[in-house]
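Please work through the following exercises with the sequence and the model at hand. Each task is followed by a solution in steps.

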Amino acid sequence: MVGLIYMVSVVLTQGATDYLKGPDAPTAASAGANLSAPDEYELVRSMYGTLFSTMYTLFQCASGGISWGVASEAIRGPGWLLEAIVVSYVFFMVFAVANIVNAR
């Protein structure tokens, strides 16, 4: 399970950092010195900004720590493909891996 979480996290973290550092990313000059990044950027940064935070978010999705809908909506800004990866990951973890681990 950890290997699967790691592989999916690498892809999602790369997509999120490309989005956060891309041409549409807010900068201090464009947002003003006292203004923080928009909520969407902050949510993507906090949930998918580093490899550890992405792995933690995916673990929470699979274990019921947070709703998978919240995690998939947070990654919607960077692109629909990353959102589809999160949904596919949750589907696979819940229906395949969790059922195999819990089977008698």
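The model is predicted, so local features need pLDDT of at least 70 and side-chain atom pairs count only at pLDDT 80 or more, while totals for chains, interfaces and linings use all residues. Residues are numbered from 1 along each chain as its sequence is written, and side-chain values use heavy atoms, with hydrogens and water left out.

**Exercise 1. Describe the overall make-up of the chain.**

Step 1. Helices (H or I, at least four residues) and strands (E, at least two) are taken as DSSP runs, numbered from the N terminus. The chain has six helices and zero strands.

Step 2. Buried denotes under 20% relative accessible area, exposed over 50%, and partly exposed in between (1.4 Å probe, protein chains only). Of the 104 residues, 33% count as buried.

Step 3. A contact requires heavy atoms within 4.5 Å. Among contacts with a separation of 6 or more, 63% join residues 24 or more positions apart.

**Exercise 2. Determine how H1 and H4 are arranged and what lies between them.**

Step 1. Axes are lines fitted to C-alpha atoms, for helices over the stretch in contact, and angles run from 0 to 180 degrees between N-to-C directions. The axes of H1 and H4 come within 9 Å and cross at roughly 125°.

Step 2. This makes H1 oblique to H4, since angles under 35 degrees count as roughly parallel, over 145 as roughly antiparallel, 65 to 115 as roughly perpendicular and the rest as oblique.

Step 3. The residues of H1 that meet H4 include Ile5, Val8 and Leu12, and their partners in H4 include Leu51, Met55 and Phe59. By class, the contact of H1 with H4 has nine nonpolar, three polar and no charged residues. Here Ala, Val, Leu, Ile, Met, Phe, Trp, Tyr, Cys and Pro count as nonpolar, Asp, Glu, Lys and Arg as charged, and the others, Gly among them, as polar.

**Exercise 3. Is leucine 58 buried or exposed, and which residues does leucine 58 contact?**

Step 1. Leucine 58 is found in helix H4.

Step 2. Leucine 58 is buried, because its relative accessible area is 0%.

Step 3. Leaving aside neighbours within four places in sequence, leucine 58 is in contact with Ile5, Val8, Ser9, Leu12 and Tyr89.

Step 4. The C-alpha atoms of leucine 58 and methionine 93 are separated by 9.8 Å, although these residues are 35 residues apart along the chain.
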